[in-house]
Amino acid sequence: MGRRDGHAVSRRQAIRLAGTGLGLAVLGAGAWGCTPEEATGASGGGTTPGGGKGGDTNKGGDTFTTPPPGTEPKPLWQQKTANDDLAGIHALAVIGDTVVVSGDPLVGRDAVSGKEKWSRPGVTIPGAKLITGGGTLYLASAEYDGDVVGLDPATGKETWRSRLGKEYEQPRPIAADDRHVYVLAGILEEDSSTPTNVIAGIDTTFGKIAWREKRDKGTEEFGITATVVGGRLAYTDFRKNVTVRDTTTGQQLWTKKIGRSNYHRFAVHEDLLIVPDGQRLRAFELDAGTERWSLANEKFTWFNDPQVLDGVLYASDSAYGMWAVDPGTGKQIWHNKDLVGKAAEAWQFAKMGGTLYGATEHDKNGGVHAFDAATGKLRWTYNDNTGENQKWYVVPAGKRLAAMHAKRLYALPAV
């Protein structure tokens, strides 16, 4: 098991650094945010004159900026996807210059042009989370054989494979870093039931199991949100638990109950784990679980999923408010309450330059919001007006913003 080519770390690093040429051909370019070369499908590596109103010439021949307040952007390109909307926050990923959407077939697209770089049908299970670590994309095998596979996102080729063993049912990656891919799996009983489950760390170089720990009886295998930071694996689940383990040994350092299920995301900042817990944001020390700070919202108003971007914690709330908070102290930086009737609740964020982008549930005021990161003021909203009721997703992609809605993938000007 381990690396398919038999080479060690130097080979793995070489694969992860490999890239492809960046073309500038763009499909479906709009009037705002595209160069003359992009609009006609031409390519080249030179610098073009400064495009339209407010245009900015960037390296590599790109000439576009995010629009000014009140001006909705037009996609630089758009493509259909096989998104099944089952992978939660891990449904859309950008690794290097490749955009990948969870679904069958699994497709890698060039972030600049939107062109297909590779396609892999039948490579993973439905609803597979796109888990990345060290430049590799880790997935549960579509064969339901207990294997976990690693793909090179630049080519879609398999570079790694491992398994926990036949006594485990459907191992699924939940997080990864340079050293390990962390998987969750049910322990098979004689009647094929899985009343208990394990969490394990698999060495990403050789594919060997580094550690394996049985979770408490009654803990669920699904509804897991996980991240790795500073030698700690942190995760939450549908049973309202927050748990932190040591990534080297798998030892559980602490676990706590919170008052409200965390369905999508929590935030980390330096030595803190920050979770939305109903009316409050709560920050726990990663090593000890001690609560460092708590920020209360207004009565009957709960916080949505927070993210820390460029040292600032951003979150929306159920009253359509937007918050910026110092993640180290919990002190409010700004709180914009002037969004009722103008914006929907954002559940996923990306920050590029001075603009904060928020992806929302789809409704008449939803889509992709652009906020002034310094004040929280709404600048514009992009909506494809398809009427689809699935969530929006946003992930930075170089000088673009990768945005997904239902089975459509867009690139928006973002710098």
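# Pockets and ring pairs

Analyst: In this predicted model, the lining of the largest pocket draws at least two residues from each of β3 (92-95), β7 (131-133), β11 (168-176), β15 (225-229), β19 (267-269), β23 (307-309), β27 (346-352) and β31 (392-397). Strands are DSSP E runs of at least two residues, numbered from the N terminus. Residues are numbered from 1 along each chain as its sequence is written. Local features need pLDDT of at least 70 and side-chain atom pairs 80 or more, while totals for chains, interfaces and linings use all residues, and side-chain values use heavy atoms, without hydrogens and water.

User: What volume has the largest pocket?

Analyst: A pocket is an open set of 1 Å grid points over the protein atoms alone where a 1.4 Å probe fits, with protein on both sides within 12 Å along at least five of seven lines; lining residues have an atom within 4 Å of a point. Its volume is the space filled by probe spheres on the points. Here the largest pocket has about 810 Å³. It has 31 lining residues, and Ile-89, His-90, Thr-227, Arg-265 and Gln-307 are the closest to its centre. β15 supplies the largest share of this lining, five residues. By class, 23 are nonpolar, six polar and two charged. Charged means Asp, Glu, Lys and Arg; nonpolar means Ala, Val, Leu, Ile, Met, Phe, Trp, Tyr, Cys and Pro; the others, including Gly, are polar.

User: Which strand gives the most to the lining of the second largest pocket?

Analyst: β11, with four residues. The second largest pocket has a volume of about 590 Å³. Of its 29 lining residues, Leu-86, Ala-87, Gly-127, Lys-129 and Gly-223 are the closest to its centre. This lining divides into 17 nonpolar, seven polar and five charged residues.

User: How many aromatic pairs does the structure hold?

Analyst: Rings of Phe, Tyr and Trp (its six-membered ring) pair with centres within 6.5 Å; planes under 30 degrees apart are stacked, over 60 edge-to-face, the rest tilted. The structure holds ten such pairs. Tyr-357 and Trp-380 form a tilted one, 5.9 Å centre to centre with 50° between the planes. Tyr-357 sits in β28 (residues 355-360) and Trp-380 in β30 (residues 378-382), so the pair links distant parts of the chain, 23 residues apart.

User: Is Tyr-357 buried or exposed?

Analyst: Buried means under 20% relative accessible area, exposed over 50%, partly exposed in between (1.4 Å probe, protein chains only). Tyr-357 counts as buried because its relative accessibility is 0%. Trp-380, at 3%, is also buried.
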